[in-house]
Amino acid sequence: MKKIFIVLSLIGLFVGCAQDNVMELEGRVAVKGSEPHTYLSIKDSKSQQSYKIQNQAKFDLEKKQNQTVKIKAVLIKEALGPGFPAVIEVVEAQ
């Protein structure tokens, strides 16, 4: 009985951590960089932080340039400084 409780607790911990990684962002979508190193980004209106979008083709976000969108995303890589923004993967776009 004690082993079952421990296993269920660990499963709950992993599920809880996975849900905490999803961020909700709202901001303007824009293309940044210079050719051939361009990328699609979103600047969050609350935190004023820009994020590089890794999987823009999956949600056709290129078509929403200069529009304000709401997305849910997972942080893939932290920002390294100017010119190297944080990288996100979109899981839901509205």
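Which residue takes a positive phi in the hairpin of β2 and β3? In this predicted model, the residue is Gln48, with a phi near 60 degrees, and the hairpin has 5 residues between its strands.

**The overall plan**

The protein chain contains 1 helix and 5 strands. If you read along the sequence, the pattern is α-β-β-β-β-β. The 5 strands close into a barrel, and going around it the order is β1-β2-β3-β5-β4, with mixed pairing. On average, neighbouring strands of this sheet are turned by 55 degrees against each other, direction ignored. As a reminder, strands of a sheet pair through backbone hydrogen bonds, either parallel or antiparallel.

Of the 94 residues of the chain, 22% count as buried. Among contacts with a separation of 6 or more, residues 24 or more positions apart account for 48%.

**Walking around the barrel**

| Strands | Sense | Bridges |
|---|---|---|
| β1 and β4 | antiparallel | 7 bridges |
| β1 and β2 | antiparallel | 6 bridges |
| β4 and β5 | antiparallel | 6 bridges |
| β2 and β3 | antiparallel | 3 bridges |

Strand β1 covers residues 22-32, and β4 covers residues 68-77. Between these two, Glu24 stands opposite Lys72, while Glu26 has Lys70 as its bridge partner. Finally, β5 runs through residues 86-93, and its Val90 is the bridge partner of Ala73.

**The largest pocket**

Where might you look for an opening in this model? The largest pocket has a volume of about 160 Å³. The elements that give two or more residues to its lining are β1, β4 and β5. How many of the lining residues are charged? The lining has 7 charged residues, besides 3 nonpolar and 1 polar.

Most residues other than glycine have a negative phi, and most peptide bonds are trans. With that in mind, a few places deserve a look.

Start with the connection from β1 to β2. This hairpin has 6 residues between the strands, and its Gly33 takes a positive phi near 90 degrees. A cis peptide bond joins Glu35 and Pro36, with omega about 5 degrees. Pro36 is found in the loop between β1 and β2.

Now move to the loop between β3 and β4, where you will find Asp60. Asp60 is not a glycine, yet its phi is positive, at about 50 degrees. Is Asp60 buried or partly exposed? Asp60 has a relative accessible area of 37%, so it counts as partly exposed.

Asn66 lies in the loop between β3 and β4 as well. Its phi is near 65 degrees, which is again positive in a residue other than glycine. Asn66 has 55% relative accessibility and therefore counts as exposed.

Note on methods: Residues numbered from 1 in each chain as written. Predicted model: local features only at pLDDT ≥ 70, side-chain atom pairs only at ≥ 80, totals over all residues. Heavy atoms only, no water. Pairing = 2+ DSSP bridges. Helix = DSSP H or I, 4+ residues; strand = E, 2+ residues; numbered from the N terminus. Axes fitted to C-alpha atoms, helices over the stretch in contact; angles between N-to-C directions. 1 Å grid on protein atoms, 1.4 Å probe; cavity = no way out; pocket = protein on both sides within 12 Å on 5 of 7 lines; lining within 4 Å. Points joined across faces, edges and corners; volume = space filled by probe spheres on them. Nonpolar A, V, L, I, M, F, W, Y, C, P; charged D, E, K, R; others polar. Buried < 20%, exposed > 50% of the residue type's maximum accessible area, 1.4 Å probe, protein only. Contact = heavy atoms within 4.5 Å.
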